[in-house]
Amino acid sequence: MELGHVVVLAGGLSYEREVSLRSGRRVTDALRARDIPVELRDADATLLDSLTDDPPDIVFPVLHGAAGEDGSIRDVLELLEVPYLGARPDACRVAWDKPTAKSVVRRAGLRTPESVALPKEVFHDLGAASVLDRIVSGLGLPLFVKPTRGGSALGASVVHEPSELSAAMVGCFAYGDAALIERYVSGTEVSVSVIERDGVPVALPAVEIVAPGGLYDYTARYDAGDTEFVTPARLSPDAADRATSAAVTAHRALGLRDISRTDLIVSPEGDIHFLEVNVAPGMTETSLLPRAISVAGLDLGEICESLLVARLT
């Protein structure tokens, strides 16, 4: 079938607005290069009237952060009965909450670092110093601290010494009201994107991430040249197979559809550890999904078009 009117939805008001706009522009350009009528729209107060007055064939959401990935915008699209690409709202809510996603994939057989998830109020009510001491004694060091919800590694940090944990929690709570504190797993950081072909989740080649200082933070993600990406990742054939299998397992276990990206750590022993999953992967010039598409010998515009057509048929 031919696509007559596609809306790429980007922007919004999350901390990741600028990244989303860059993703939206790239997807829009890729579809236009295939002569598909496409319009880039912001998630603002004019959106509902626009979608009602001129309903598109389908919406491609590339909204990052809250609203874009927590299922709420997709709930609105369903209320409007507008077709859209990607996971349904309920699946988004499960994947968006990192502790919940970890529990789901653990039940599906994947390893994930031992962790605790604590809201800000626990530190206030029980005493920050006492809680921090228990975290260190219970999980050990080093630790990885990040908000339970959110993306682009905003508010994330590695803790090597007990004295660093308090500052890490402050940085985390600047971006959310609850923190996920994980036992840090050293190894090769990889990201595996999954796209559906004829309804079957297919993993693309793993992208290895070599970030400056070992932390793939916001700057390392979106400032070109700061991070080395190796595609395909430098893994043994067996580890590479298990990494791609883990991404497909996470995609299925979380009830996702069309597209996702799973972040993993491959330990020196070859064990695969699930970190988190993204239901609206970045599409910028430094993003991981487009890199995986390229190394697989595929075209970003063709992939986007085929996913949209498949969702409508």
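Reply: H12 (residues 300–312) lies across S1 and S3 and runs at about 130 degrees to S3. Helices (H or I, at least four residues) and strands (E, at least two) are DSSP runs, numbered from the N terminus. Angles run from 0 to 180 degrees between N-to-C directions, and axes are lines fitted to C-alpha atoms, for helices over the stretch in contact. The model is predicted: local features need pLDDT of at least 70, side-chain atom pairs count only at pLDDT 80 or more, and totals for chains, interfaces and linings use all residues. Residues are numbered from 1 along each chain as its sequence is written, and side-chain values use heavy atoms, with hydrogens and water left out.

The sheet itself is open, with 3 strands in the order S2-S1-S3 and parallel pairing; two strands pair if DSSP finds at least two bridges between them. Its edge strands are S2 (38–42) and S3 (58–61). S1 (residues 6–10) joins S3 over 4 bridges in the parallel sense, and Val6 has Ile58 in S3 as its bridge partner.

H1 lies across S1, S2 and S3, at about 160 degrees to S1. The axes of H1 (residues 17–32) and H12 come within 8 Å and cross at roughly 90 degrees. The two helices are therefore roughly perpendicular to each other, a term for angles of 65 to 115 degrees. In this contact (heavy atoms within 4.5 Å), Arg26, Val27, Ala30 and Leu31 of H1 meet Leu300, Gly301, Cys304, Glu305 and Leu308 of H12.

Methods: Parallel < 35°, antiparallel > 145°, perpendicular 65-115°, else oblique.
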